[in-house]
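Subject: Structure handover

Dear colleague,

I am passing on the structure below, with a summary of what was computed from it. Please read the summary with the model open beside it.

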Amino acid sequence: MRTVVTNATLIDCIEPVARERARLVIENGRIASITDADGPEVQGDVERIDVRGAYVMPGLWDVHIHPDYLSLADMPLAEQVALFGHRMMSALTESGIVGLRCAGAHHFMDVAWKRAFDSGQYVGPRLFAAGHFLTTTGGHFLTSGHALECDGPYGFVKAIREQIKNGVDHIKLNLSGGIMGPAWDRHWHSFLLEDELNAAFAICRNREFKVMAHATNPDAVRSAIRLGAHSVEHGYIMDDECIELFLQHQTWYVPTLAISHLTPGQAANEWERQWLAQRNLTPSLCCRADAAAEVHAHWFRKALDAGVKMALGSDIRPLKDAALLEMGLWARDGATPWQTLLAATKHAAMICGVGGDLGTIEVGKLADLIVIGANPLDDVNNVRRLQLVLKAGRIVSDKR
Ligand SMILES: [Zn+2]
């Protein structure tokens, strides 16, 4: 099975340029060659896709997602599982999101959907599963339906072993509070005792499972990095030592700007206003987000300027809107379109451990691609002008 994509303006996410009149040959789901349009015609039985000069780039990723937080009383479990699958599939077809990393889900529905997508039962994004969100009694995100309250070193160890047994890809460990939550859940508080932290990280090290660490204050960020976290999520408040540690340990940072930036007081465009109109955030959440936003933006820029490894994760829903909004926020906080595109493609695939197969357009890599109608290097919001989505070289969405 061969596909030829012709008349492409190629953004490979290796070099920050758009290469005109490129031709891609895809064989068995992988990129077989990249040439310019003037080369010899590809002969034989091929599917030809003429994109008429449109921009071809790697598909987008969101490396911090959750299913909708509905309590079981609101919606039966089976419907929640189905809704989660629907949300992920529409992220692929509506917005060109080809990869997702989960940050917590109940009943291992992320593992189930990952298997369903991998086996080809359904066409969805590439999914990396976390299982439960592991926190303490009185910890963070207890209303999500997927937080597991663990206490004491062996409480954490047992929970981590259970996640491993159920097929997750990585462990989501909560080290500190958050912006949303009751009065006792504050993002400047750390939640775990040293013994709990040491045990949790030790068992993950022994079993070679990466830790995706929710850390929102300098103490939690430092602990996470020093103990060997693969990625630090949020980092709302940091300090210079945190930035140093990120660089020293080559730890990933996923800033989730959407959590502190998307409030009625900060909305800066129609997409954000539309999203807010649908979400109906509580006034207390908006207050806490507004209060945290400036410091968050400051440390985001510090990390970016220092060259910390960063990938794009939204932490919001619905998934078809989430990554696009987060990309707009990166740009607003000072990231260049190129930095933002890398975070949503190459770096996102790397944080998931699949940088060798995905995230850029290179010979040998899987052809998970999007075709868009305007140059995202000029304005990153141009990724919204989606025309085609290809997964492993097959068109899975055609909006032309
Ligand atoms: Zn999260």
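**Pockets**

The largest pocket is lined by 28 residues, and those lying nearest its centre are Tyr69, Met180, Leu281, Leu285 and Arg317. Please bear in mind that this is a predicted model, in which local features need pLDDT of at least 70 and side-chain atom pairs count only at pLDDT 80 or more, while totals for chains, interfaces and linings use all residues. Residues are numbered from 1 along each chain as its sequence is written, and side-chain values use heavy atoms, with hydrogens and water left out.

On a 1 Å grid over the protein atoms alone, a pocket is an open set of points with protein on both sides within 12 Å along at least five of seven lines, a cavity is a set of points where a 1.4 Å probe fits but cannot get out, and lining residues have an atom within 4 Å of a point. The volume of the largest pocket is about 550 Å³, where a volume is the space filled by probe spheres set on the points, and grid points are joined across faces, edges and corners. Helix H7 (257-261), helix H8 (270-279) and H9 are the elements that give two or more residues to its lining, and the largest share, 5 residues, comes from H9; helices (H or I, at least four residues) and strands (E, at least two) are DSSP runs, numbered from the N terminus. By class, the lining of the largest pocket has 16 nonpolar, 7 polar and 5 charged residues, with Ala, Val, Leu, Ile, Met, Phe, Trp, Tyr, Cys and Pro counted as nonpolar, Asp, Glu, Lys and Arg as charged, and the others, Gly among them, as polar.

The second largest pocket has a volume of about 200 Å³, and the residues lining it include Phe117, Asp118, Tyr122, Arg126, Lys391 and Arg394. At least two residues of this lining come from each of helix H2 (109-118) and strand S17 (394-398), and the lining divides into 5 nonpolar, 1 polar and 4 charged residues.

**Zinc site and cavities**

The zinc ion has as its protein donors His64 (NE2), His66 (NE2) and Asp315 (OD), which lie 2.1 to 2.3 Å from it; donors are N, O and S atoms within 2.8 Å of the metal (3.2 Å for Na, K and Ca), and water is not among the atoms, so sites may look incomplete. Along the sequence the spacing of these donor residues is H-x1-H-x248-D. Distant parts of the chain are linked here, with histidine 66 in the loop between strand S6 (60-65) and helix H1 (77-95) and aspartate 315, 249 residues apart from it, in the loop between helix H9 (283-306) and helix H10 (319-332). Histidine 66 is buried, with a relative accessible area of 3%, and aspartate 315 also counts as buried, at 7%; buried means under 20% relative accessible area, exposed over 50%, and partly exposed in between (1.4 Å probe, protein chains only).

The volume of the largest cavity is about 90 Å³, and its lining has 6 nonpolar, 6 polar and 2 charged residues. In the whole structure the search finds 3 cavities of 30 Å³ or more, and the second largest cavity holds about 50 Å³ of space, with a lining that includes Pro58, Trp61, Val98, Leu358 and Asp368.

**Cores and a covered helix**

The largest nonpolar core has 113 residues, and those with the most contacts inside it are Met57, Leu60, Trp61, Met88 and Trp330. H10 gives the largest share of this core, 8 residues, and apart from it lies another core, of 17 residues, among them Leu10, Ile26, Val51 and Ala367. A nonpolar core is a set of buried Ala, Val, Leu, Ile, Met, Phe, Trp, Tyr and Cys residues joined through side-chain atoms within 4.5 Å.

Helix H11 (residues 337-344) is mostly covered, with 6 of its 8 residues buried, namely Trp338, Thr340, Leu341, Leu342, Ala343 and Ala344. Strand S5 (55-58), S6, H10 and helix H12 (346-351) are included in what covers these buried residues, where contact means heavy atoms within 4.5 Å.

Best regards
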